Amino acid sequence: MRHPGGAGRRRARRRGPAADRVGGAGGLGPRLDRARPRTVPVPRGEFPVTLSLLHTTHGAAVAAARVTFLDIPPREWDMALRAVEDLGVLGEGQFYGVGVDTGTAAFMDATWAGIEGPLDDDLFMPLESRPSVELPGAEPEPNLIAFRAGRGDGSYPVWIGRTDDGQVGCVVVDFQLHRA
């Protein structure tokens, strides 16, 4: 595998649990932009988040983030789409993705109420020294798991891993640090 920072190795790191009842992957800005998250219906409960880290001579980067709902390997992958998006209009190598600003993305419950005020102290400053941060919700509110987005700002595809019977087994954000 090659990476702009040179040869690297991947390692998965569990971060969890994420309380995703309805689910969502979203980009974060100075304030959480809840206007355009990608949402996926999932069962109620707490689910583990796993980060796949790519280690290079320049440090570690988050290559992908996954929230697992079922301990069953996916049999097919679908791009997470909004109702107005049509796969038929995409060209080769194009995708609809989650927009990332300030180099940070997150998994959160669609009902997550958020935090009033700037996120600098609670989220962005801690992410300078580690790949992920959990922002707990006040009981019984769900939490948010935020993580650095591979190459930083941009758009990244969100994939839904489905089981043989069509259930959502996992959701993955691919930060496109390597080419297939």
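These legends accompany close-up views of one predicted protein model.

Residues are numbered from 1 along each chain as its sequence is written, and side-chain values use heavy atoms, with hydrogens and water left out. Because the model is predicted, local features need pLDDT of at least 70 and side-chain atom pairs count only at pLDDT 80 or more, while totals for chains, interfaces and linings use all residues.

View 1. Helices (H or I, at least four residues) and strands (E, at least two) are DSSP runs, numbered from the N terminus. From that end, the order is β-β-β-β-β-β-β-α-β-β-β-β. The protein has 180 residues, and 45% of them count as buried. Buried means under 20% relative accessible area, exposed over 50%, and partly exposed in between (1.4 Å probe, protein chains only). The accessible surface comes to about 9,700 Å², with 49% belonging to carbon and sulfur atoms. Such areas come from the Shrake-Rupley method with a 1.4 Å probe; for residues, only the protein chains shown count as cover. A contact means heavy atoms within 4.5 Å. Among contacts with a separation of 6 or more, 70% are between residues 24 or more positions apart.

**View 2. Phe47 and Phe69, one of 4 aromatic pairs in the structure.** Rings of Phe, Tyr and Trp (its six-membered ring) pair if their centres lie within 6.5 Å; planes under 30 degrees apart count as stacked, over 60 as edge-to-face and the rest as tilted. Here the centres are 4.8 Å apart and the planes stand at 70 degrees, so the pair is edge-to-face. Phe47 belongs to strand E3 (residues 47-56), and Phe69 to the loop between strand E4 (59-68) and strand E5 (76-79), so the pair ties together parts 22 residues apart in sequence. Phe47 is buried, at 8% relative accessible area. Phe69 also counts as buried, at 8%.

**View 3. Tyr156 and Phe175, an edge-to-face pair.** The rings are 4.9 Å apart centre to centre, with 75 degrees between the planes. Tyr156 sits in strand E10 (residues 154-162) and Phe175 in the segment after strand E11 (168-174). The pair links distant parts of the chain, 19 residues apart. Both Tyr156 and Phe175 are buried. Together with Phe107 and Phe147, they form one aromatic cluster.

**View 4. Strand E9 (residues 144-148) and its partners E7 and E8.** Two strands pair if DSSP finds at least two bridges between them. Strand E7 (residues 104-108) runs antiparallel to E9 and is joined to E9 by 5 bridges. Strand E8 (residues 132-135) is also antiparallel to E9, with 4 bridges. Leu144 in E9 stands opposite Met108 and opposite Leu135. Ala105 has Phe147 as its bridge partner in E9. In E9, 4 of 5 residues are buried.

**View 5. Thr163 in the loop between E10 and E11.** Thr163 is buried, at 4% relative accessible area. The side chain of Thr163 makes a polar contact with the side chain of Asp165 (2.4 Å). A polar contact is a pair of N or O atoms within 3.5 Å; within protein, one must be able to donate a hydrogen and the other to accept it, and residues adjacent in sequence count only if both atoms are side-chain atoms. Beyond its neighbours within four places in sequence, Thr163 is in contact with Leu70, Ile72, Arg75 and Gly169.
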